[in-house]
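Colleague: Please take a close look at the interface between the two chains and describe what holds across it.

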Amino acid sequence: VEQTTLKRTPLFDRHRAAGAKIVPFAGWEMPVQYAGIRAEHEAVRTNAGVFDVSHMGEIETSGEQATAFLQHILSNDVEQIPVGGAQYALLTRPDGGVIDDLFTYRVESERFLTVTNASNHEKDLAWFVEQVAEFPGATVTDRAGDYAMLAVQGPRAREVVQAIADRPLPARMTAEQRTLAGRAALVAGTGYTGEDGVELLVAPDDAPALWDELLELGVTPVGLGARDTLRLEVCFHLYGNDLMEERDPIAAGLGWACKEQTGFIGSDAIAQTRAAGPAERLVPFKLTGKGIARQGNAILAQGEQIGVVTSGTLSPSLDVGIGMGYVRPEFAAPGTQLEIDVRGKVRPAVVATKPLYPDEETDG
Amino acid sequence: MADASYPEDLLYHPEHDWAKVDDGVAVFGVTWFAQDALGEVVYFDPPEVGTSVAKDEPYAEVESVKAVSDVIAPLSGEIIEVNTALGDSPETINTDPYGEGWMVKVRLSDVSETDQLMDQATYVESLS
C-alpha cells in the first residue's frame, strides 16, 4: 500500500485552535466543520463566513500567446475577459469530457491565474504543459505553492473585508490587487456559496494573520461540510460528483460556459452534443417527504431506473433532502415526479428549478 | 453539545454503541464519541418493533448532514420498543446520547454475550 503524506495548509494550526474536525480531502488535511455544519451554513447565509480553500491550486499563464493558448484549451471565450476580470470555464478533452471546471483571472493583458480543484491540480497542470508546447509564446507556471486562498462569503462579507482594505473592493466577477491589513492580496469578487463575497489569494505566510483579523471582525470559520451544503443549495457543480471526464458540459447544464466558435479543444464534440441534445441532463431535485438522497442512489420513474444522484444532502436552509442527478432528458422538466432509491427505501422527489435556495416560498 | 462523557453503568461495544442491561432487557444507543464523530444528526431511521437484531450487525441508520452511518447492535435479541421521539427530534442523539437519545429496547436472546462487551474504563482506554 502506497503511503501518502497529507498536505497541510498554512492555516492548519488555526483550524485546530478553532476546534475543527480535520478530515483527509483530495490529499489535504482539511477542516470539515468547527461549531457544526448547520450553524456555519447559517452564518454564511445571514452574516459572514470564511473558508480556507488553500488546497485549491493555481496555474499562471503568461507571455504574448497567453490569451491565444487559454482560448485553445478553455471552453469559454477568454478574449472577452477584461484585464481585472474573472471567468468560469471548463477544461475539456477532444471528446468533450470535462477534465476540470475552473475560474480564470486576467491579472494583466497577457498574464492569467487559473484556479484548479485540489483533486485535479496535477492532472490540469500536466494538460496545460502538454498543450502549451504548440504555443512557444506562452509560459505555464505551477503557482500552487505560492498562494493561500481564503473565501469570505455572506451578506456582510464585503463590509468586513472592506474594513481592512486600502481601497474599494473589486466588483463581482472582477479581480484586482488590494492591500488588506497591510498585506498584498488578489481580491476576487467570486465564490461558491450563492452569497455575495470575495475570494482572497495571498502569500502563504500572510494567511494566518489575515485569518485572525477576519475572525476578530466577527467572521465565522466555515468548513468543507457547509461549503458543500451551501453550494448544493444554489446548484453549483462539484467536480468528481456532478462533473467528470465521462460526462459532457451540455448534459451538465454548462453549455453557457462553452463558446464553440472559439475552436477550443473539445468544441467540435460539444457542438455536436448541443445540436443533437445530450443523452442525459443534470437536474436539481427536492425530496417531497422524509429521507436524504446521497451520491450514487438510483433515480426511478415508475419503478424503472432513469438516472443517478451525483450530489445529495440535507438542505439546512430548507430542511429537506436536496440534490442533483443525471436523468434521461424526458424526465428533466421542473415538476417531474421522481423516486429515489435511498438504500432500499423509495423516496418521492420532484425535479426543481435552479437555484434550490432561495426558492419562491423562502424568497417571498 | 455536551462535553465527552461515558457513564459507568453501561456496557460498550467497539463500534461506539452502548447497552444498559437490566433483567434480560437492554436499552441501546450510541456513545458520545459516536455522536461527536457523526456531527449533527438530522435523521434517524428506526427498525420496527418485533425485528430481530444480531450482535455486531446494523439495526438502524443515523444520518448527519454529511453522511449516513449504520448503528451496530451491541447484543442480540428482539426489539420490543423503539424511541419514536427521535423521528421528530433526531438531534437528541447529540444532546443526550445516554438519556433521551436512546434508540431501541431489546429482549436479549443470549445474556452471556454481555461478557464480550467492554466496561466503561476499558472503552475509554480504547478511545485514547
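Modeller: Five salt bridges cross the interface of chain B and chain A, each a side-chain nitrogen of Lys or Arg within 4 Å of a carboxyl oxygen of Asp or Glu. One of them joins A:R294 to B:E63, with the closest N and O atoms 2.7 Å apart. The model is predicted: local features need pLDDT of at least 70, side-chain atom pairs count only at pLDDT 80 or more, and totals for chains, interfaces and linings use all residues. Residues are numbered from 1 along each chain as its sequence is written, chains are lettered from A and ligands numbered from 1 in the order in which they are written, and side-chain values use heavy atoms, leaving out hydrogens and water.

The contact (heavy atoms within 4.5 Å) takes 15 residues from chain B and 17 residues from chain A. Between them the chains bury about 1400 Å², 49% of it on carbon and sulfur atoms; this is the accessible area (1.4 Å probe) that two parts lose on being put together, summed over both. On the side of chain B, B:E40, B:Y43 and B:V65 lose the most area to chain A, together 41% of what that side buries.

A:R347 of chain A is buried and has no salt bridge, buried meaning under 20% relative accessible area (1.4 Å probe, protein chains only). The nearest side chain of opposite charge, B:D45, is 4.5 Å away, with Lys and Arg counted as positive, Asp and Glu as negative, and His and the chain ends not counted. Beyond its neighbours within four places in sequence, A:R347 is in contact with residues including A:E339, B:Y43 and B:D45.

Technical notes: Buried means under 20% relative accessible area, exposed over 50%, partly exposed in between (1.4 Å probe, protein chains only).
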